[in-house]
Amino acid sequence: MANAFWVLVEDDRNGAPKKVMAEVIGEAARHSGGDVEAVWLTDKATDEGVKHLGEWGAKKVWLVESADLAPYRAEVWAPVVAELAQAHSPKAIFAPVTSRQRELMSRLAARLGVGLAGDCMGLAMEGDALVATRPVYAGKLLSKMTWAKTPWLATLRPNVFRPADAQPGKTATVEKPSVKVPAAQLKFVERREEASTGLPELTEAEIVISGGRGMKGPENYVILEEMGGVIGAAVGASRAAVDAGWRPHRFQIGQTGRTISPKLYLGFGVSGAIQHLAGMRTSKVIVAVNKDPEAPIFKIADYGIVADLFEVVPALTQEFKRLLEK
Ligand SMILES: Cc1cc2nc3c(=O)[nH]c(=O)nc-3n(C[C@H](O)[C@H](O)[C@H](O)COP(=O)(O)OP(=O)(O)OC[C@H]3O[C@@H](n4cnc5c(N)ncnc54)[C@H](O)[C@@H]3O)c2cc1C
(Lines give C-alpha, C1' and ligand atoms only; values in the text may rest on other atoms or scores of the structure.)
Protein backbone atom coordinates (compact mmCIF):
# COMPACT_ATOMS: atom_id res chain seq x y z
CA MET A 1 0.00 0.00 0.00
CA ALA A 2 1.28 3.47 -0.79
CA ASN A 3 2.48 5.24 2.36
CA ALA A 4 3.27 2.01 4.17
CA PHE A 5 6.60 1.64 5.91
CA TRP A 6 8.51 -1.29 4.46
CA VAL A 7 11.09 -3.38 6.25
CA LEU A 8 13.57 -5.57 4.38
CA VAL A 9 13.85 -8.95 6.04
CA GLU A 10 17.23 -10.22 7.19
CA ASP A 11 17.05 -13.96 7.73
CA ASP A 12 19.35 -16.77 8.78
CA ARG A 13 19.37 -18.14 5.19
CA ASN A 14 17.29 -21.09 6.41
CA GLY A 15 13.89 -19.46 6.42
CA ALA A 16 13.91 -17.74 9.81
CA PRO A 17 13.91 -13.92 10.10
CA LYS A 18 16.58 -12.75 12.56
CA LYS A 19 15.42 -11.38 15.88
CA VAL A 20 16.69 -7.91 14.94
CA MET A 21 13.62 -7.78 12.67
CA ALA A 22 11.45 -7.35 15.79
CA GLU A 23 13.38 -4.12 16.41
CA VAL A 24 13.07 -2.88 12.83
CA ILE A 25 9.36 -3.73 12.61
CA GLY A 26 8.74 -2.21 16.05
CA GLU A 27 10.39 1.06 15.04
CA ALA A 28 8.60 1.17 11.67
CA ALA A 29 5.27 0.63 13.46
CA ARG A 30 5.93 3.51 15.87
CA HIS A 31 6.29 6.02 13.00
CA SER A 32 3.65 4.68 10.65
CA GLY A 33 0.77 4.07 13.01
CA GLY A 34 1.26 0.36 12.52
CA ASP A 35 1.24 0.43 8.71
CA VAL A 36 4.19 -1.93 8.28
CA GLU A 37 4.87 -4.32 5.43
CA ALA A 38 7.78 -6.74 5.23
CA VAL A 39 9.63 -7.47 2.00
CA TRP A 40 11.25 -10.88 2.12
CA LEU A 41 13.60 -12.03 -0.62
CA THR A 42 14.63 -15.63 -0.07
CA ASP A 43 15.14 -18.99 -1.71
CA LYS A 44 13.37 -20.72 1.16
CA ALA A 45 10.61 -19.05 3.10
CA THR A 46 8.94 -20.94 5.92
CA ASP A 47 5.45 -20.63 7.39
CA GLU A 48 7.11 -20.18 10.77
CA GLY A 49 9.11 -17.22 9.39
CA VAL A 50 5.98 -15.55 7.98
CA LYS A 51 4.25 -16.18 11.33
CA HIS A 52 7.03 -14.36 13.22
CA LEU A 53 6.83 -11.36 10.90
CA GLY A 54 3.05 -11.17 11.45
CA GLU A 55 3.35 -11.51 15.22
CA TRP A 56 5.95 -8.75 15.34
CA GLY A 57 3.50 -6.46 13.55
CA ALA A 58 3.91 -6.74 9.77
CA LYS A 59 0.46 -6.45 8.20
CA LYS A 60 1.62 -7.83 4.89
CA VAL A 61 4.60 -9.85 3.69
CA TRP A 62 5.71 -9.27 0.12
CA LEU A 63 7.28 -12.66 -0.46
CA VAL A 64 9.67 -13.05 -3.36
CA GLU A 65 10.82 -16.65 -3.23
CA SER A 66 13.14 -17.94 -5.91
CA ALA A 67 16.12 -20.26 -6.11
CA ASP A 68 17.81 -17.53 -8.18
CA LEU A 69 17.98 -15.28 -5.10
CA ALA A 70 20.52 -17.52 -3.37
CA PRO A 71 23.25 -16.92 -2.58
CA TYR A 72 22.69 -13.21 -1.98
CA ARG A 73 24.11 -10.96 -4.69
CA ALA A 74 23.31 -7.28 -4.56
CA GLU A 75 22.98 -6.91 -8.31
CA VAL A 76 20.22 -9.54 -8.28
CA TRP A 77 18.36 -8.33 -5.19
CA ALA A 78 18.48 -4.55 -5.67
CA PRO A 79 16.50 -4.40 -8.94
CA VAL A 80 13.81 -6.66 -7.44
CA VAL A 81 13.24 -4.41 -4.42
CA ALA A 82 13.49 -1.29 -6.60
CA GLU A 83 10.83 -2.62 -9.00
CA LEU A 84 8.52 -3.39 -6.10
CA ALA A 85 9.09 0.00 -4.48
CA GLN A 86 8.45 1.83 -7.75
CA ALA A 87 5.20 -0.07 -8.21
CA HIS A 88 3.86 0.37 -4.66
CA SER A 89 5.42 3.65 -3.41
CA PRO A 90 6.19 2.93 0.24
CA LYS A 91 6.81 5.99 2.37
CA ALA A 92 9.90 4.53 4.00
CA ILE A 93 12.13 1.47 3.70
CA PHE A 94 14.02 0.29 6.78
CA ALA A 95 16.54 -2.52 7.14
CA PRO A 96 18.84 -3.65 9.95
CA VAL A 97 22.56 -2.90 9.74
CA THR A 98 23.98 -6.18 8.45
CA SER A 99 26.64 -6.78 5.80
CA ARG A 100 24.18 -7.54 3.04
CA GLN A 101 21.48 -5.00 3.95
CA ARG A 102 24.09 -2.23 4.08
CA GLU A 103 25.10 -3.00 0.51
CA LEU A 104 21.57 -3.66 -0.72
CA MET A 105 20.18 -0.42 0.74
CA SER A 106 22.94 1.69 -0.84
CA ARG A 107 22.22 0.22 -4.24
CA LEU A 108 18.50 0.65 -3.70
CA ALA A 109 18.96 4.33 -2.79
CA ALA A 110 20.96 4.86 -5.98
CA ARG A 111 18.33 3.09 -8.09
CA LEU A 112 15.45 5.06 -6.57
CA GLY A 113 17.39 8.34 -6.57
CA VAL A 114 16.71 8.96 -2.87
CA GLY A 115 18.77 9.47 0.29
CA LEU A 116 19.89 6.78 2.72
CA ALA A 117 20.52 7.36 6.42
CA GLY A 118 22.94 4.60 7.38
CA ASP A 119 23.50 3.16 10.85
CA CYS A 120 20.67 5.09 12.53
CA MET A 121 20.55 5.19 16.31
CA GLY A 122 17.36 7.21 16.60
CA LEU A 123 14.33 8.03 14.45
CA ALA A 124 11.65 10.57 15.27
CA MET A 125 8.77 12.22 13.44
CA GLU A 126 9.05 16.03 13.53
CA GLY A 127 5.85 17.26 11.98
CA ASP A 128 5.55 15.39 8.71
CA ALA A 129 9.26 14.69 8.43
CA LEU A 130 11.18 11.72 9.73
CA VAL A 131 14.45 12.77 11.36
CA ALA A 132 17.29 10.29 11.74
CA THR A 133 20.09 10.45 14.30
CA ARG A 134 23.29 8.76 13.16
CA PRO A 135 26.94 8.72 14.17
CA VAL A 136 29.59 10.60 12.21
CA TYR A 137 33.38 10.87 12.62
CA ALA A 138 33.66 7.30 13.89
CA GLY A 139 30.96 7.91 16.48
CA LYS A 140 32.50 11.03 18.05
CA LEU A 141 29.50 13.11 17.02
CA LEU A 142 25.87 12.42 16.32
CA SER A 143 24.23 14.13 13.35
CA LYS A 144 20.56 14.65 12.58
CA MET A 145 19.29 14.45 9.06
CA THR A 146 16.08 14.20 7.11
CA TRP A 147 15.18 13.29 3.56
CA ALA A 148 14.38 15.48 0.56
CA LYS A 149 11.93 12.94 -0.84
CA THR A 150 10.35 9.58 -0.21
CA PRO A 151 10.87 6.73 0.25
CA TRP A 152 12.93 7.45 3.35
CA LEU A 153 15.66 4.81 3.37
CA ALA A 154 17.38 3.96 6.65
CA THR A 155 19.46 1.17 8.12
CA LEU A 156 18.96 0.67 11.86
CA ARG A 157 21.70 -0.30 14.28
CA PRO A 158 20.86 -3.55 16.12
CA ASN A 159 20.15 -3.55 19.86
CA VAL A 160 19.28 0.16 19.90
CA PHE A 161 15.57 0.24 19.03
CA ARG A 162 12.91 -1.27 21.26
CA PRO A 163 11.69 -4.53 19.74
CA ALA A 164 8.02 -5.01 18.94
CA ASP A 165 6.19 -7.09 21.51
CA ALA A 166 5.19 -10.27 19.71
CA GLN A 167 1.42 -10.65 19.55
CA PRO A 168 0.70 -14.37 19.31
CA GLY A 169 -1.98 -15.14 16.77
CA LYS A 170 -1.57 -11.89 14.82
CA THR A 171 -1.07 -12.76 11.17
CA ALA A 172 0.23 -11.06 8.04
CA THR A 173 -1.31 -11.44 4.62
CA VAL A 174 1.16 -12.86 2.14
CA GLU A 175 1.46 -11.43 -1.34
CA LYS A 176 3.70 -13.05 -3.92
CA PRO A 177 4.33 -10.34 -6.50
CA SER A 178 5.46 -11.31 -9.97
CA VAL A 179 8.79 -9.55 -10.37
CA LYS A 180 11.66 -10.25 -12.67
CA VAL A 181 14.67 -11.69 -10.90
CA PRO A 182 17.61 -10.54 -13.04
CA ALA A 183 20.47 -12.83 -14.02
CA ALA A 184 23.49 -12.70 -11.73
CA GLN A 185 26.57 -10.89 -12.99
CA LEU A 186 28.84 -12.74 -10.60
CA LYS A 187 29.25 -16.48 -10.75
CA PHE A 188 29.04 -18.24 -7.43
CA VAL A 189 32.05 -20.47 -6.91
CA GLU A 190 32.02 -21.90 -3.43
CA ARG A 191 30.53 -21.29 -0.02
CA ARG A 192 32.45 -22.21 3.10
CA GLU A 193 30.52 -22.18 6.33
CA GLU A 194 32.51 -21.02 9.33
CA ALA A 195 32.41 -23.53 12.15
CA SER A 196 29.90 -22.34 14.73
CA THR A 197 31.32 -21.26 18.07
CA GLY A 198 28.10 -22.30 19.76
CA LEU A 199 27.91 -18.76 21.16
CA PRO A 200 25.46 -16.03 20.06
CA GLU A 201 26.21 -14.01 16.93
CA LEU A 202 28.24 -10.87 17.59
CA THR A 203 25.77 -8.30 16.29
CA GLU A 204 22.75 -9.95 17.89
CA ALA A 205 24.19 -10.75 21.31
CA GLU A 206 23.01 -8.91 24.42
CA ILE A 207 26.41 -9.46 26.04
CA VAL A 208 29.69 -9.18 24.12
CA ILE A 209 33.15 -10.07 25.41
CA SER A 210 35.99 -8.52 23.45
CA GLY A 211 39.63 -9.62 23.54
CA GLY A 212 42.45 -7.38 22.32
CA ARG A 213 46.20 -7.63 21.87
CA GLY A 214 46.46 -8.13 25.62
CA MET A 215 45.18 -11.68 25.07
CA LYS A 216 48.75 -12.46 23.92
CA GLY A 217 47.80 -15.23 21.48
CA PRO A 218 44.94 -17.14 19.81
CA GLU A 219 45.16 -20.04 22.27
CA ASN A 220 44.06 -17.77 25.13
CA TYR A 221 40.63 -16.91 23.66
CA VAL A 222 39.41 -20.16 25.15
CA ILE A 223 39.10 -18.40 28.53
CA LEU A 224 36.83 -15.77 26.95
CA GLU A 225 34.78 -18.47 25.21
CA GLU A 226 34.39 -20.28 28.51
CA MET A 227 33.07 -17.09 30.09
CA GLY A 228 30.82 -16.58 27.04
CA GLY A 229 29.37 -20.06 27.51
CA VAL A 230 28.52 -19.28 31.14
CA ILE A 231 26.83 -15.91 30.56
CA GLY A 232 25.53 -16.45 26.99
CA ALA A 233 27.85 -13.88 25.42
CA ALA A 234 29.41 -13.54 21.98
CA VAL A 235 33.19 -13.22 21.81
CA GLY A 236 34.68 -10.53 19.56
CA ALA A 237 38.10 -9.00 19.09
CA SER A 238 40.01 -5.83 18.32
CA ARG A 239 41.64 -5.29 14.96
CA ALA A 240 45.08 -5.85 16.48
CA ALA A 241 43.99 -9.37 17.41
CA VAL A 242 42.41 -9.95 13.99
CA ASP A 243 45.44 -8.58 12.11
CA ALA A 244 47.66 -10.90 14.13
CA GLY A 245 45.57 -13.79 12.78
CA TRP A 246 44.23 -14.73 16.24
CA ARG A 247 40.57 -14.34 15.26
CA PRO A 248 38.76 -14.29 11.88
CA HIS A 249 37.72 -10.86 10.59
CA ARG A 250 34.02 -11.59 11.19
CA PHE A 251 34.75 -11.20 14.91
CA GLN A 252 36.33 -7.74 14.59
CA ILE A 253 34.58 -4.92 16.42
CA GLY A 254 35.10 -1.37 15.20
CA GLN A 255 35.15 1.05 12.35
CA THR A 256 36.35 -1.54 9.84
CA GLY A 257 34.59 -4.44 11.56
CA ARG A 258 31.20 -5.01 13.18
CA THR A 259 29.17 -2.37 14.96
CA ILE A 260 27.67 -3.67 18.15
CA SER A 261 25.41 -2.15 20.75
CA PRO A 262 24.90 -4.83 23.40
CA LYS A 263 23.47 -4.35 26.87
CA LEU A 264 26.87 -5.27 28.30
CA TYR A 265 30.35 -5.02 26.73
CA LEU A 266 33.29 -6.58 28.55
CA GLY A 267 36.71 -5.62 27.10
CA PHE A 268 39.86 -7.52 28.08
CA GLY A 269 43.27 -6.27 27.00
CA VAL A 270 41.71 -3.72 24.63
CA SER A 271 43.30 -0.24 24.78
CA GLY A 272 40.25 1.61 23.44
CA ALA A 273 41.53 3.14 20.19
CA ILE A 274 39.03 5.47 18.53
CA GLN A 275 38.46 2.98 15.70
CA HIS A 276 37.52 0.26 18.20
CA LEU A 277 35.24 2.62 20.13
CA ALA A 278 33.47 3.45 16.85
CA GLY A 279 32.05 -0.06 16.86
CA MET A 280 31.02 -0.38 20.50
CA ARG A 281 30.65 2.98 22.22
CA THR A 282 26.85 2.77 22.21
CA SER A 283 26.92 -0.36 24.39
CA LYS A 284 24.67 0.24 27.39
CA VAL A 285 27.20 -0.77 30.06
CA ILE A 286 30.94 -0.93 29.34
CA VAL A 287 33.35 -2.86 31.52
CA ALA A 288 37.10 -2.72 30.83
CA VAL A 289 39.95 -4.75 32.24
CA ASN A 290 43.41 -3.45 31.44
CA LYS A 291 46.81 -3.49 33.14
CA ASP A 292 47.40 0.13 32.15
CA PRO A 293 45.45 2.66 34.26
CA GLU A 294 45.94 5.23 31.47
CA ALA A 295 44.32 3.05 28.77
CA PRO A 296 41.81 5.25 26.87
CA ILE A 297 39.05 2.68 27.23
CA PHE A 298 38.70 3.67 30.89
CA LYS A 299 37.46 7.10 29.72
CA ILE A 300 34.25 5.58 28.37
CA ALA A 301 33.98 2.57 30.71
CA ASP A 302 31.22 2.46 33.31
CA TYR A 303 33.30 0.02 35.35
CA GLY A 304 37.06 -0.50 35.09
CA ILE A 305 39.47 -2.96 36.65
CA VAL A 306 43.19 -2.19 36.49
CA ALA A 307 44.60 -5.70 36.62
CA ASP A 308 46.01 -8.62 34.68
CA LEU A 309 43.20 -10.10 32.61
CA PHE A 310 44.61 -13.60 33.06
CA GLU A 311 43.80 -13.31 36.75
CA VAL A 312 40.49 -11.48 36.34
CA VAL A 313 38.85 -13.61 33.60
CA PRO A 314 38.96 -17.00 35.42
CA ALA A 315 37.89 -15.34 38.69
CA LEU A 316 34.94 -13.58 37.00
CA THR A 317 33.90 -16.78 35.20
CA GLN A 318 33.87 -18.66 38.50
CA GLU A 319 31.82 -15.92 40.12
CA PHE A 320 29.35 -15.81 37.21
CA LYS A 321 28.95 -19.61 37.46
CA ARG A 322 28.36 -19.42 41.18
CA LEU A 323 25.78 -16.65 40.85
CA LEU A 324 23.94 -18.27 37.94
CA GLU A 325 23.79 -21.66 39.63
CA LYS A 326 22.01 -20.15 42.63
C1 LIG B 1 41.73 3.00 9.27
C2 LIG B 1 41.80 2.21 10.54
C3 LIG B 1 40.73 1.37 10.87
C4 LIG B 1 40.79 0.64 12.05
N5 LIG B 1 39.71 -0.16 12.38
C6 LIG B 1 39.72 -0.80 13.57
C7 LIG B 1 38.59 -1.59 13.98
O8 LIG B 1 37.61 -1.74 13.25
N9 LIG B 1 38.65 -2.18 15.18
C10 LIG B 1 39.73 -2.06 16.03
O11 LIG B 1 39.69 -2.65 17.12
N12 LIG B 1 40.79 -1.35 15.66
C13 LIG B 1 40.82 -0.73 14.45
N14 LIG B 1 41.93 -0.05 14.07
C15 LIG B 1 43.16 -0.20 14.88
C16 LIG B 1 43.20 0.67 16.12
O17 LIG B 1 43.75 1.93 15.80
C18 LIG B 1 44.09 0.00 17.20
O19 LIG B 1 45.37 -0.24 16.68
C20 LIG B 1 43.54 -1.31 17.74
O21 LIG B 1 42.18 -1.17 18.10
C22 LIG B 1 44.33 -1.76 18.94
O23 LIG B 1 43.89 -3.00 19.38
P24 LIG B 1 44.11 -3.43 20.90
O25 LIG B 1 43.41 -2.48 21.79
O26 LIG B 1 43.77 -4.86 21.00
O27 LIG B 1 45.71 -3.35 21.04
P28 LIG B 1 46.63 -2.34 21.82
O29 LIG B 1 46.32 -0.94 21.49
O30 LIG B 1 48.01 -2.83 21.64
O31 LIG B 1 46.18 -2.55 23.33
C32 LIG B 1 46.39 -3.71 24.06
C33 LIG B 1 46.02 -3.40 25.50
O34 LIG B 1 46.11 -4.58 26.27
C35 LIG B 1 46.58 -4.22 27.57
N36 LIG B 1 47.14 -5.44 28.14
C37 LIG B 1 48.25 -6.12 27.76
N38 LIG B 1 48.42 -7.21 28.51
C39 LIG B 1 47.39 -7.23 29.41
C40 LIG B 1 47.01 -8.11 30.45
N41 LIG B 1 47.69 -9.24 30.72
N42 LIG B 1 45.93 -7.81 31.18
C43 LIG B 1 45.20 -6.69 30.94
N44 LIG B 1 45.52 -5.82 29.96
C45 LIG B 1 46.59 -6.10 29.19
C46 LIG B 1 47.58 -3.11 27.32
O47 LIG B 1 47.73 -2.30 28.47
C48 LIG B 1 46.93 -2.37 26.16
O49 LIG B 1 46.11 -1.28 26.62
C50 LIG B 1 41.92 0.71 12.90
C51 LIG B 1 42.97 1.54 12.55
C52 LIG B 1 42.93 2.28 11.39
C53 LIG B 1 44.08 3.19 11.06
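## The ligand pocket

The residues lining the second largest pocket divide into nine nonpolar, 13 polar and six charged. Here Ala, Val, Leu, Ile, Met, Phe, Trp, Tyr, Cys and Pro count as nonpolar, Asp, Glu, Lys and Arg as charged, and the others, Gly among them, as polar. A pocket is an open set of points on a 1 Å grid over the protein atoms alone, where a 1.4 Å probe fits, with protein on both sides within 12 Å along at least five of seven lines; lining residues have an atom within 4 Å of a point.

This is a predicted model: local features need pLDDT of at least 70, side-chain atom pairs count only at pLDDT 80 or more, and totals for chains, interfaces and linings use all residues. Residues are numbered from 1 along each chain as its sequence is written, and side-chain values use heavy atoms, without hydrogens and water.

The second largest pocket holds about 490 Å³ of space. That volume is the space filled by probe spheres set on the grid points, which are joined across faces, edges and corners. In all, 28 residues line this pocket, and Arg213, Ser238, Ala240, Val270 and Ser271 are the closest to its centre. The ligand takes up this space. A molecule sits in a pocket if more than half of its atoms lie within 2 Å of the pocket's grid points.

## Around the ligand

Which residues are closest to the ligand? They are Arg213, Ser238, Thr256, Ser271 and Asn290, in a shell of 26 residues. By class, the shell has seven nonpolar, 13 polar and six charged residues.

Some polar contacts (pairs of N or O atoms within 3.5 Å) stand out by name. A backbone N or O atom of Arg239 lies 2.9 Å from a ligand oxygen atom. For Ile253, a backbone N or O atom lies 2.8 Å from a ligand nitrogen atom. His276 uses a polar side-chain atom, 2.8 Å from an oxygen atom of the ligand. The protein covers 76% of the 980 Å² of accessible area that the ligand has on its own. Such areas come from the Shrake-Rupley method with a 1.4 Å probe.

Helix H6 (239–243), helix H7 (274–277) and helix H9 (309–325) each give two or more residues to the shell. Helices (H or I, at least four residues) and strands (E, at least two) are DSSP runs, numbered from the N terminus.

## The largest pocket

The largest pocket holds about 1500 Å³ of space. Its lining has 45 residues, with Arg13, Lys18, Arg191, Glu201 and Arg258 nearest its centre. Strand S2 (36–42), helix H4 (99–112) and strand S12 (234–237) each give two or more residues to this lining. The largest share, three residues, comes from H4. By class, the lining divides into 18 nonpolar, nine polar and 18 charged residues.

## Backbone details

Most residues other than glycine have a negative phi, and most peptide bonds are trans. A cis peptide bond joins Ala70 and Pro71, with omega about -10 degrees. Pro71 lies in the loop between strand S3 (60–65) and helix H3 (74–88). Another cis peptide bond joins Thr150 and Pro151, with omega about -5 degrees. Pro151 lies in the loop between strand S8 (141–146) and strand S9 (152–156).

Ser89 has a positive phi, near 45 degrees. Ser89 is in the loop between H3 and strand S4 (92–96).

Conventions: A residue is near a molecule or strand if one of its heavy atoms lies within 4 Å of it. A polar contact is a pair of N or O atoms within 3.5 Å; within protein, one must be able to donate a hydrogen and the other to accept it, and residues adjacent in sequence count only if both atoms are side-chain atoms.
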